[in-house]
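Please read the numbered points below alongside the structure.

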Amino acid sequence: MNMNEVKKFKTKAEYVEMLKREFYEIESIMENVAEIKAEIKEAGFDATLLAKISKAMAENKADEIIQKNEDFAAGVDEVRNS
């Protein structure tokens, strides 16, 4: 930003409206997630596990979690065998 430029801020009401729209969207998304989880349960799958897998994959953290679980399993084996 150049020294001659002045940043124009929105009003409190404008910020509230912006946030309100986002919160409505979050609520709608959470309702969709709940419906999908219910369908997963009806299909006989573990909804919690599939949700965790989906979230990890969406956040590109699946490989990191797999490695941590492998490290945990190796630690358990080491303790059990000592």
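1. A salt bridge here is a side-chain nitrogen of Lys or Arg within 4 Å of a carboxyl oxygen of Asp or Glu. By that rule, Glu-64 is bridged to Lys-68, with 3.4 Å between the closest N and O atoms. Both residues belong to helix 3, four residues apart, about one turn of the helix; helices are DSSP runs (H or I, at least four residues) numbered from the N terminus. Side chains of opposite charge can pair when their charged atoms come close.

2. This is a predicted model, in which local features need pLDDT of at least 70 and side-chain atom pairs count only at pLDDT 80 or more, while totals for chains, interfaces and linings use all residues. Residues are numbered from 1 along each chain as its sequence is written, and side-chain values use heavy atoms, with hydrogens and water left out.

3. How many salt bridges does a search of the whole structure find? The search finds two. Besides the pair in point 1, Lys-20 is bridged to Glu-17, the closest N and O atoms being 3.0 Å apart. Lys-20 and Glu-17 both sit in helix 1, three residues apart, about one turn of the helix.

4. Lys-20 is partly exposed at 34%, and Glu-17 is partly exposed at 34%. In the other pair, Glu-64 is partly exposed at 43%, whereas Lys-68 is exposed at 52%.

5. A nonpolar surface patch is made of Leu-19, Phe-23, Ile-26, Ile-29, Met-30 and Val-33, with about 560 Å² of accessible area together. Patch residues have over 30% relative accessible area and no salt bridge; nonpolar side chains (Val, Leu, Ile, Met, Phe, Trp, Tyr) are joined within 5 Å, and like charges within 9 Å. The areas come from the Shrake-Rupley method with a 1.4 Å probe, and for residues only the protein chains shown count as cover.

6. Met-30, in helix 1, also lines the largest pocket, together with Val-33, Ile-36, Lys-37, Ile-40, Ala-47, Leu-50, Ala-51, Ser-54 and Lys-55. Helix 1 (12-42) and helix 2 (47-58) are the elements that give two or more residues to this lining. A pocket is an open set of points on a 1 Å grid over the protein atoms alone, where a 1.4 Å probe fits, with protein on both sides within 12 Å along at least five of seven lines; lining residues have an atom within 4 Å of a point. The space in the largest pocket is about 240 Å³.

7. Ala-13 is in helix 1 and is exposed, at 52% relative accessible area. Its C-alpha lies 43 Å from that of Glu-42, 29 residues away in sequence.

8. Asn-60 lies in the loop between helix 2 and helix 3 (62-80). Its phi is near 55 degrees, a positive value in a residue other than glycine. Asn-60 is exposed, at 72% relative accessible area.

Terms used:
Grid points are joined across faces, edges and corners, and a volume is the space filled by probe spheres set on the points. Buried means under 20% relative accessible area, exposed over 50%, partly exposed in between (1.4 Å probe, protein chains only).
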